[in-house]
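Dear colleague,

Please find below the structure I promised to hand over. My notes follow it, and I would be grateful if you read them alongside the model.

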Amino acid sequence: RNVVQNIAPKRYSQCCAQQAIDTRVEDCCANEEPIYKGEQGCCGRHVYEVDTEGCCANHTVLTPETEQCCGGIVRSKFEYLCCENQPSHISGDLQDHECCGKYAYDTMNHACCGGKKP
């Protein structure tokens with residue numbers, strides 16, 4: 001059944017899941033579900049809360065404060081450093097590590113020369 005809804009001037013209106021949305025404040029996730037810009041995001045076909053969740057390769061990340069997306073893989077922020085979009089395992093304090101090319105190294109004990117740790 002066709003339904004006419006009036007919510008915003010035409011230039012700001014769009015249909016999403018058979019309902020009208022105001023594109024100034026809403027977006028459409030996978031053309032199936034309206035989401036609020038700034039509050040929610042679309043991760044593949046799933047809606048997530050941007051303040052408490054994240055998205056990695058179309059999968060919702062439930063704890064972005066402790067997890068990161070690196071090369072489409074979810075890894076712990078405390079065990080891996082993302083170097084050139086590849087997860088590199090670290091041991092010890094994260095603050096003592098930096099990337100050297102695509103590998104993490106301990107800055108307290110090593111140096112990086114030309115993208116390679118000696």
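A residue is called buried here when its relative accessible area is under 20%, exposed when that area is over 50%, and partly exposed in between, with a 1.4 Å probe and protein chains only. Please keep in mind that this is a predicted model, in which local features need pLDDT of at least 70 and side-chain atom pairs count only at pLDDT 80 or more, while totals for chains, interfaces and linings use all residues. Residues are numbered from 1 along each chain as its sequence is written, and side-chain values use heavy atoms, with hydrogens and water left out.

Disulfides

A disulfide is taken as a pair of cysteine sulfur atoms within 2.5 Å, and the structure holds 7 of them. Strands, which come up throughout, are DSSP runs of E with at least two residues, numbered from the N terminus.

One of the disulfides is formed by Cys 16 and Cys 28, with 2.0 Å between their sulfur atoms, and with 80° about the S-S bond this link is right-handed. Because Cys 16 lies in strand S1 (residues 13–16) and Cys 28 in strand S3 (residues 26–29), the pair ties together parts that are 12 residues apart in sequence. Cys 16 is buried, at a relative accessible area of 0%, and Cys 28 also counts as buried, at 16%.

Another disulfide joins Cys 29 to Cys 42, with an S to S distance of 2.1 Å; this link, too, is right-handed, with 70° about the S-S bond. Cys 29 lies in strand S3 and Cys 42 in strand S5 (residues 40–43), so this pair ties together parts that are 13 residues apart in sequence. Of the two partners, Cys 29 is buried at 1% relative accessible area, whereas Cys 42 is partly exposed at 32%.

The link of Cys 83 and Cys 99, whose sulfur atoms are 2.1 Å apart, is left-handed, because the torsion about its S-S bond is about -85°. The pair links distant parts of the chain, with Cys 83 in strand S11 (residues 80–83) and Cys 99 in strand S13 (residues 97–100), 16 residues apart. Here Cys 83 is buried, with a relative accessible area of 0%, while Cys 99 counts as partly exposed at 33%.

Which cysteine sulfur is nearest to that of Cys 15, which is in no disulfide? That of Cys 16 is the nearest, 8.8 Å away, and Cys 15 itself is exposed, with a relative accessible area of 60%. For Cys 113, the closest cysteine sulfur is in Cys 112, at 6.6 Å, which is too far for a bond; Cys 113 is partly exposed, at 48%.

Charged side chains

A salt bridge is counted where a side-chain nitrogen of Lys or Arg is within 4 Å of a carboxyl oxygen of Asp or Glu, and by this rule the count comes to 2. In one of them Arg 24 pairs with Asp 22, the closest N and O atoms being 2.8 Å apart; Arg 24 is partly exposed at 45% relative accessible area, and Asp 22 is buried at 11%.

Arg 45 forms a salt bridge with Glu 32, where the closest N and O atoms are 1.9 Å apart. Arg 45 lies in the loop between S5 and strand S6 (46–49) and Glu 32 in the loop between S3 and S4, so the pair ties together parts that are 13 residues apart in sequence. Arg 45 counts as exposed, at 54% relative accessibility, and Glu 32 as partly exposed, at 43%.

Glu 26, in strand S3, is buried yet has no salt bridge, the nearest side chain of opposite charge being Arg 24, 9.1 Å away; for charge, Lys and Arg count as positive and Asp and Glu as negative, with His and the chain ends not counted.

A hairpin

Two strands are said to pair if DSSP finds at least two bridges between them; S13 and strand S14 (residues 103–106) run antiparallel and are joined by 4 bridges. Glu 98 has Tyr 105 as its bridge partner in S14. In this hairpin, which has 2 residues between the strands, Gly 101 takes a positive phi near 70°.

With kind regards
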